[in-house]
Amino acid sequence: MARELKNKVVLITGASSGFGEDSAYLFAREGAVVVLTARREDRLNTIAEKIRSQGGVASVFPMDISEPRNIQPLIENILRQHGRIDILFNNAGGGSGSGTGGSGGGCRGGGPWSRLDRRGAVPADRGGRQTVGPRPGAL
C-alpha cells in the first residue's frame, strides 16, 4: 500500500484525537503528506510534531469544520501550501451530537461535508468541488 499513498496529500478532518489522530499516524507511516484539521490547535501541533519526528510530513490547519464559511478558505490554504488534495478523510464531529443521526464521523449540524459519510469518498477537483456523483451501491 505504501506505493499507493507515497506523497499523496491527505486532508484529515477531526484529526486532533481518536480515529482521526490514529489515521494520521497510519497515513504518515505509509508515506502520505498529512494535512491535519480540527478545532484543537495544540493537539494538532502535538500530533504533527510526532509525525515529523518519525520522518513524516504533516501540516496543521486549525478550524471548526461545522462552519461552512471555513471550508473554502481551508481548501485554498491547503492548495497554496501543497498544490492539491488527493484524499479527504472526513472524520470531523462524531458521537450522538453529529449531524449524521448519531453514526459518528460527520460534521456537527450536518455541515457541507457530512454527506460524505453516507455516500463514501467523493472525487473532487483541485478546488474541492465534487466532480463525480456517489458511487454505485453507496448509502
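Is Arg52 buried, partly exposed or exposed, and what is its relative accessible area? Arg52 is partly exposed, at 35% (buried is under 20% relative accessible area, exposed over 50%, and partly exposed in between, with a 1.4 Å probe and protein chains only).

This is a predicted model, where local features need pLDDT of at least 70 and side-chain atom pairs count only at pLDDT 80 or more, while totals for chains, interfaces and linings use all residues. Residues are numbered from 1 along each chain as its sequence is written, and side-chain values use heavy atoms, leaving out hydrogens and water.

**View 1. Glu49 and Arg52 form a salt bridge.** The N to O distance here is 2.7 Å (a salt bridge is a side-chain nitrogen of Lys or Arg within 4 Å of a carboxyl oxygen of Asp or Glu). Both residues sit in helix H3 (residues 41-53), three residues apart, so about one helical turn separates them. Helices (H or I, at least four residues) and strands (E, at least two) are DSSP runs, numbered from the N terminus. Glu49 is partly exposed, at 47%.

**View 2. Glu67 pairs with Arg69 in a salt bridge.** Their closest N and O atoms are 2.9 Å apart. Glu67 is partly exposed at 29%, whereas Arg69 is exposed at 63%.

**View 3. Arg84 meets Asp86 in a salt bridge.** Here the closest N and O atoms lie 2.8 Å apart. Arg84 is partly exposed at 33%, and Asp86 is partly exposed at 32%.

**View 4. Asn7 has a positive phi.** Its value is near 65°. Most residues other than glycine have a negative phi. Asn7 lies in the loop between helix H1 (2-5) and strand S1 (9-13), and is partly exposed at 43%.
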